[in-house]
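Student: Please take me closely through one part of this structure, the packing inside it, and go slowly enough that I can follow each residue on the screen.

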Amino acid sequence: MKELDRKFMLDAIQLSKNNVTIGGGPFGAVIVKDGIILSTAANSVTKDKDPTAHAEINAIRKACAKLNSFDLSGCIIYTSCEPCPMCLGAIYWAHIDKVFYGNNKRDARQIGFDDKFIYDELELPIGKRKIEFIQLLQDEAIQAFKQWEEKEDKIEY
């Protein structure tokens with residue numbers, strides 16, 4: 001382990017501890033590029049009344065704003081806990097190169113943050129999921145996809 005990796009992970013852990021002190025969830029994240037911190041964030045789900053305001057998502061949003069880009073290639077995220085499915089998806093969509101994490105998903109499950117049901121749901125056919133999914137107006141919706149496909153000056157991501 002490099003000393004900088006240790007330092008940035010300790011920063012993420014401290015963010016998680018500080019957040020518990022102020023009434024938030026025990027999660028913190030730091031995004032780094034070329035050894036420089038781009039963003040830091042903690043979980044703000046209850047404060048913001050936003051179920052997507054996880055530490056990793058908040059840090060990704062801030063880093064993207066700082067770089068004025070949706071692409072975080074070349075970045076590393078240090079997070080106090082193994083990312084949940086939503087955060088994992090965001091990390092992949094942002095093209096982050098590497099993830100360092102402290103606690104794992106079993107540790108999170110032991111304190112009431114259990115994402116197993118989401119992983120289980122993703123494996124099920126749509127008709128077997130707990131939330132009802134109904135495809136509606138696909139013929140109309142596909143028009144936007146056709147527009148995108150034909151657009152010559154699109155910015156792919």
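Tutor: Of the 22 residues in the largest nonpolar core, those that touch the most other members are Ile 31, Ile 60, Leu 72, Ile 77 and Ile 96. A nonpolar core here is a set of buried Ala, Val, Leu, Ile, Met, Phe, Trp, Tyr and Cys residues joined through side-chain atoms within 4.5 Å, and buried means under 20% relative accessible area, with exposed over 50% and partly exposed in between, for a 1.4 Å probe and protein chains only. The model is a predicted one, in which local features need pLDDT of at least 70 and side-chain atom pairs count only at pLDDT 80 or more, while totals for chains, interfaces and linings use all residues. Residues are numbered from 1 along each chain as its sequence is written, and side-chain values use heavy atoms, with hydrogens and water left out.

Two or more residues of this core come from each of strand S1 (28-33), strand S2 (36-42), H3, strand S3 (75-81) and H4, and H3 gives the most, with 6 residues. Contact means heavy atoms within 4.5 Å, and Ile 96, leaving out residues up to four places away in sequence, touches Ile 31, Ile 60, Leu 72, Cys 75, Ile 76, Ile 77 and Ile 91.

Now to the pair of helices. The axes of H3 (residues 55-67) and H4 (residues 85-93) come within 9 Å and cross at roughly 25 degrees, where axes are lines fitted to C-alpha atoms, for helices over the stretch in contact, and angles run from 0 to 180 degrees between N-to-C directions. H3 and H4 are therefore roughly parallel to each other, a label for angles under 35 degrees, with over 145 roughly antiparallel, 65 to 115 roughly perpendicular and the rest oblique. The crossing of H3 past H4 is left-handed, meaning that the near helix is turned anticlockwise from the far one by less than a right angle. On the H3 side the contact is made by Glu 56, Ile 57 and Ile 60, and on the H4 side by Met 86, Cys 87, Ala 90 and Ile 91. By class, this contact has 6 nonpolar, no polar and 1 charged residues, with Ala, Val, Leu, Ile, Met, Phe, Trp, Tyr, Cys and Pro counted as nonpolar, Asp, Glu, Lys and Arg as charged, and the others, Gly among them, as polar.

Within H4, the residues Pro 85, Cys 87, Ala 90 and Ile 91 are buried. Their cover includes H3, S3, strand S4 (98-103) and helix H6 (116-123). After H4 comes His 95, which has a positive phi, near 65 degrees.

S3 also holds Thr 79, and Thr 79 is buried, with a relative accessible area of 1%. Neighbours within four places in sequence aside, Thr 79 is in contact with Met 9, Ala 12, Gly 28, Ala 29, Glu 56, Val 99, Phe 100, Tyr 101 and Gly 102, a list in which Glu 56 is one of the H3 residues that meet H4.

Terms used. Helix = DSSP H or I, 4+ residues; strand = E, 2+ residues; numbered from the N terminus.
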